[in-house]
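Hello,

Please find the structure we talked about below, with its sequence. My notes on it follow.

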Amino acid sequence: MKKGLLIIYLSVLIITGPVNAQSQIITLDEAINLALENNTDVKVSLLNSQKSRAAVREAFGYAMPSLDASADFAHFLKKPKMPFPDFTALLTNATYSILFDENVIPRDENKFLPVQTQLQSFAQSNNYGASLTLTQILFSSAVFRGIGASRIYYNLSVAELRNTISKTKLNVERAFYVALLTKELLTIAKASFDNAQENFRNVSALFEQGFVSDFDRMQAEIRVENIRPTLLQLENMQVTTLNDLKLVMGVNQALDIDVKGEFVYMPEDLPEEEDIIDFALSNNFSLQSLKLKRDVDEAFIDLDLAEYWPTLAAFGNYTYAGSSDQWNFQNYSAATVGLNFSINLWQGNRTKNRVEQSTITYKQTGEQYEQLKEFVVSQVKAKYLELKRVQSLVEAQERNVSLAERSYEISTLRYKEGTGNQLEVQNSDVALRQARVNRIESIYSYITTKLELEQIMGKIKPEYIDPYIPED
């Protein structure tokens, strides 16, 4: 319900524009749901799965009875003729033959007429016919194999849809966390800028009272101006990253948005590397798709081999027809039932060559599958090592930030007490800013690496996929 309301609300904003200058706050889940609703690749994959589902129903249809109706009417503008013996000569000769044999009249061979052929027509001017034919396949290897192949193809399309959703989700997460990282870096820069301005105000006040030199005041002012370009650069970068996020989400670039979230490091014990590899090999979406593609190729081999098998079908036919010259039709009907058996004996080795091509395609897919398995294993190992490295880095950066904060407090206090100088304050501020940046970047690396590893492993929440899987 919340997802639907969000989509409707954002759609209105896309059409009408922002109601006010306030940015629309987008969470990670909302960004993912919007992207899945708007992404073109997801839409195409969804349509493909719906198409393959229809193909399954079509394949079942070939095993169902087929009922065909046909009707025709013909009027001869000129009747067809064919050569046929002269009926007059045949009748005359038959009559005289009987009279001669019965000795009714004396035999006279001159009475017999020569029998010749004449062009005669036996067709009537108007003819019509209507028929119903019922056919039921009793045995056809191609039909039965086709049903199985269409089901595998449907499973392949669903696997491709899952893979597309998984990739789209990862792209959104990357764009979202880049935008969130820029926002956090901008916050750190602003905090540093505020510190520099506060320091400049304090130094200026001390300068007015004659407690510090003009050099210290200039150093404090330089520190403010040195931070300002970084601040402006990050503000521009924030706009760019938000635009990139809107592009991935598939929303209007004119929409004013902001991201809501935080970088939280949740330390966890990683499973053994071999366990992660086994899980990835079983659940990786690309591997699943390629494995099903190999199954489809194998099914096509069976379909081509089915050409060697015969087809047996039962049929029944009912015909009603009539003909006439003057529209007074003589009508009649006929009904037949029977079996039809057909088998191809030879067709120029076309079936043999098709089977050979399908077999080669199956072998090619098998090689691609094995290659992808090696790539997945390599990727899992690389991400696993990177995740362990980043974990240790985050823990070190947490402590480093605490030390930098304490160092900045001490340098500020020393300067106020007159035992320190502006260089110490400036250096400690730079160190604090860099420590905070390193910490947030390390957490960002940890989160994104973990998300990438989960995508390789094929881990995704069911609520992201289930609404898009067509029902059987």
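**Overall build**

The protein chain has 11 helices and 8 strands. Its radius of gyration is 43 Å, whereas the globule rule gives 23 Å for 472 residues, so the chain is more spread out than a compact globule. Please keep in mind that this is a predicted model.

The extents of the C-alpha trace along its principal axes are about 170 × 55 × 35 Å. Of the 472 residues in the protein chain, 35% count as buried. The chain exposes about 28,100 Å², and 55% of that area comes from carbon and sulfur atoms. As for contacts between residues at least 6 apart in sequence, 85% of them join residues at least 24 apart.

Lys246 lies in helix α6, which covers residues 214-249. Which side chain of opposite charge is nearest to Lys246, and how far away is it? It is Asp256, at 6.0 Å. A salt bridge needs a side-chain nitrogen of Lys or Arg within 4 Å of a carboxyl oxygen of Asp or Glu. Lys246 has no salt bridge, although it is buried.

The side chain of Lys246 does reach a backbone atom: the oxygen of Leu255, at 2.8 Å. Leu255 is also among the residues that Lys246 touches when those up to four places away in sequence are left out.

Regards

Key
Residues numbered from 1 in each chain as written. Predicted model: local features only at pLDDT ≥ 70, side-chain atom pairs only at ≥ 80, totals over all residues. Heavy atoms only, no water. Helix = DSSP H or I, 4+ residues; strand = E, 2+ residues; numbered from the N terminus. Buried < 20%, exposed > 50% of the residue type's maximum accessible area, 1.4 Å probe, protein only. Lys, Arg positive; Asp, Glu negative; His and termini not counted. Polar contact = N/O pair within 3.5 Å; in protein donor to acceptor, adjacent residues only side chain to side chain. Contact = heavy atoms within 4.5 Å. Rg over C-alpha atoms; globule rule 2.2 N^0.38 Å. Areas by Shrake-Rupley, 256 points an atom, 1.4 Å probe, with all protein chains shown as cover.
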